[in-house]
Every structure is written in C-alpha cells, then in structure tokens.
Amino acid sequence: GSTTKASIGMALFEDGKLDTKGSVNRDKLFSLLKLAGETYEGGTQVVVENFVNNEKSRGGQTNGTSEVIGAVEFACWLYGIPLHKQSPRILAVAKIQNQYKLPINPRTKQPVKHLPDEDSAMLHGLYFLKAKKLGKI
C-alpha cells in the first residue's frame, strides 16, 4: 500500500500452499495480526518486503508503506510471531520460479503496468517458502 491507497496486499498460506490473497485496509491487517498473535501456537511466519524510501522520488512525503511495515514489525515483536524481511529484488526471481504473468486489463486487453499488491505479497510468500525448503532461510 501507499499513502494514496487504502489497501495493502496480503497472501495467506497453509501447509505451504496459497490459501487466499487479496487486499485489506490497515485496520483489517492489524486485526489479522492481533488474531494471529492471540492464537499463536507456532507455525506462523510473517514475510514483508523490506521497503526502502527513495528520497529523490518521494520529495519529503511521508510513506504509508513504511509506516505499515513498521507497525507489522511491532505487532510481530509484541506477539512473538517470527518476521522475515525480503528485498523487493527477489520479485524478478519469484516471477520466473512461479511462471507469473501480469494480469490482463479487461478494458485495454493488455497486461497491467503495475504488479498488483496482492500478487507481490503472494510472490514474496512463495519465494520465502521455496527458500526455506531449500535451507536458504
């Protein structure tokens, strides 16, 4: 999510398989983290993109994405849920590993120009699961 968007991409996996993906607002994301923390018995892992602000392109603006990542980090610390940060650079590899293609815009019949946030979350999760299985994490 960004400062102009009201949603954050997320993907949930169970037993190493994608269960659901979508976009949620900040309050819903924080509610999910609270529920995960209150019911945590191990096995849960949160993966976030290690987002870095670009001062030149941001022009001193606040960045909602960084704020949300910080809040997710705090919630994981508070509830004892393991957190793993990944570079956005892994997305190129994750797309190839998973034969990912950008969705088609129904109006233009062309691929969308921006990777949807929920697909980014899914690719980060798939990459994490594969790296963990291979012992790289």
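Let me start with what Asp-119 touches. Leaving aside neighbours within four places in sequence, Asp-119 is in contact with Lys-21, Tyr-100 and Pro-103, where contact means heavy atoms within 4.5 Å. With Lys-21 there is also a side-chain to side-chain polar contact, at 2.4 Å. By polar contact I mean a pair of N or O atoms within 3.5 Å; within protein, one must be able to donate a hydrogen and the other to accept it, and residues adjacent in sequence count only if both atoms are side-chain atoms. Asp-119 is buried, at a relative accessible area of 5%. The cut-offs are under 20% relative accessible area for buried, over 50% for exposed, and partly exposed in between, with a 1.4 Å probe and protein chains only.

A word on the source. This is a predicted model, in which local features need pLDDT of at least 70 and side-chain atom pairs count only at pLDDT 80 or more, while totals for chains, interfaces and linings use all residues. Residues are numbered from 1 along each chain as its sequence is written, and side-chain values use heavy atoms, with hydrogens and water left out.

Now the overall layout. The protein has five helices and four strands, and along the sequence they come in the order β-β-α-β-α-α-β-α-α. Helices (H or I, at least four residues) and strands (E, at least two) are DSSP runs, numbered from the N terminus. Of the 137 residues in the protein, 27% are buried. Among contacts with a separation of 6 or more, 61% are between residues 24 or more positions apart.

Asp-119 lies in helix α5, so let me go on to that helix.

Which residues of α5 are buried? They are Asp-117, Asp-119, Ser-120, Ala-121, Met-122, Leu-123, His-124, Gly-125, Phe-128 and Ala-131. The cover over these buried residues includes β1 (8-14), β2 (17-24), β3 (46-49), β4 (83-86) and α4. Just after α5, Gly-135 takes a positive phi of about 80°.

Ser-120 is another residue of helix α5. Ser-120 is buried, with a relative accessible area of 12%. Not counting residues up to four places away in sequence, Ser-120 touches Glu-49, Leu-91 and Leu-115.

Next, the packing of α4 on α5. The axes of α4 (residues 90-97) and α5 (residues 117-133) come within 9 Å and cross at roughly 80°. That makes α4 roughly perpendicular to α5. The axes are lines fitted to C-alpha atoms, for helices over the stretch in contact, and angles run from 0 to 180 degrees between N-to-C directions. Angles under 35 degrees count as roughly parallel, over 145 as roughly antiparallel, 65 to 115 as roughly perpendicular, and the rest as oblique.

On the α4 side the contact uses Ile-90, Leu-91, Val-93, Ala-94, Lys-95 and Gln-97, and on the α5 side Ser-120, Leu-123, His-124, Tyr-127 and Lys-130. These residues divide into six nonpolar, three polar and two charged. Here Ala, Val, Leu, Ile, Met, Phe, Trp, Tyr, Cys and Pro count as nonpolar, Asp, Glu, Lys and Arg as charged, and the others, Gly among them, as polar.

Between α4 and α5 there is a loop, and Gln-99 is found there. Gln-99 has a positive phi of about 50° although it is not a glycine. Gln-99 is exposed, with a relative accessible area of 69%. Lys-109 is also placed in the loop between α4 and α5. Its phi is positive too, about 65°, and Lys-109 is not a glycine. Lys-109 is exposed, at 61% relative accessible area. For context, most residues other than glycine have a negative phi.

Last, two pairs separated in sequence. Val-24 sits in strand β2 and is buried, at 12% relative accessible area. Val-24 and Glu-118 are 94 residues apart in sequence and 9.2 Å apart in space, C-alpha to C-alpha. Ala-71 lies in helix α3 (residues 64-79) and counts as partly exposed, at 26% relative accessibility. From Ala-71 to Arg-26 the figures are 45 residues in sequence and 9.6 Å in space, C-alpha to C-alpha.
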